[in-house]
Amino acid sequence: MDYSKQSIHRLKRVEGQLRGVLSMMEEEKDCKDVVTQLSAIRTAIDRTIGLVVSENLVSCVREAREDEDREPEDVIKEAVNLLVKSR
């Protein structure tokens with residue numbers, strides 16, 4: 001699979017956010033601030049999951065067209081199931 005620079009950049013940003021939260025916890029910052037940052041991280045990860053699935057869905061459907069054993073509809077259902085499981 002090819003992953004876009006955008007999805008890699010998003011995860012690098014999440015990595016930085018996680019480091020920031022760890023520092024906040026080590027510095028015993030307010031719980032509310034830590035939870036707010038963790039919530040932002042979760043949202044960023046959810047959006048990245050959607051981006052990865054949508055970017056790769058097109059190539060998966062193309063491959064399914066070439067593969068007589070797989071129907072494009074099955075590939076789409078599989079992608080939707082991945083999104084549902086990630087929630």
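A residue counts as exposed when its relative accessible area is over 50%, as buried when that value is under 20%, and as partly exposed in between. With 52%, Glu 27 is therefore an exposed residue. Welcome to this structure, which is a predicted model.

**The nonpolar core**
- Five residues make up the largest nonpolar core: Val 14, Val 21, Met 24, Val 34 and Ile 41.
- Both α1 and α2 contribute to this core, each with at least two residues.
- Helix α1 gives the largest share, 3 residues.

**Salt bridges**
- How many salt bridges does a search of the whole structure find? The search finds 2.
- One of these salt bridges joins Arg 19 to Glu 15, with 3.1 Å between the closest N and O atoms.
- Arg 19 and Glu 15 both lie in helix α1, and because they are 4 residues apart, about one helical turn separates them.
- Is Arg 19 buried or exposed? Its relative accessibility is 53%, so Arg 19 counts as exposed.
- Glu 27 is the exposed residue from the opening, at 52%, while Lys 29 reaches 45% and counts as partly exposed.

**The loop between α1 and α2**
- Glu 28 sits in the loop that runs between α1 (5-26) and α2.
- The phi angle of Glu 28 is near 55°, which is a positive value in a residue other than glycine.
- Glu 28 has a relative accessibility of 71%, so it counts as exposed.

**The negative surface patch**
- Which residues form the negative surface patch? They are Glu 63, Glu 66, Asp 67, Glu 68 and Asp 69.
- Within this group, Glu 68 belongs to the loop between α2 (31-66) and α3 (72-85).
- Glu 68 is exposed because its relative accessibility is 75%.

**The nonpolar surface patch**
- Where is Tyr 3 placed? Tyr 3 is found in the segment before α1.
- The relative accessible area of Tyr 3 is 47%, so this residue is partly exposed.

Methods. Residues are numbered from 1 along each chain as its sequence is written. This is a predicted model: local features need pLDDT of at least 70, side-chain atom pairs count only at pLDDT 80 or more; totals for chains, interfaces and linings use all residues. Side-chain values use heavy atoms; hydrogens and water are left out. Patches are made of residues with over 30% relative accessible area and no salt bridge: like charges are joined within 9 Å, nonpolar side chains (Val, Leu, Ile, Met, Phe, Trp, Tyr) within 5 Å. Accessible areas come from the Shrake-Rupley method with a 1.4 Å probe; for residues, only the protein chains shown count as cover. A salt bridge is a side-chain nitrogen of Lys or Arg within 4 Å of a carboxyl oxygen of Asp or Glu. Lys and Arg count as positive and Asp and Glu as negative; His and the chain ends are not counted. The place of a charge is taken as NZ of Lys, CZ of Arg, CG of Asp or CD of Glu. Buried means under 20% relative accessible area, exposed over 50%, partly exposed in between (1.4 Å probe, protein chains only). A nonpolar core is a set of buried Ala, Val, Leu, Ile, Met, Phe, Trp, Tyr and Cys residues joined through side-chain atoms within 4.5 Å.
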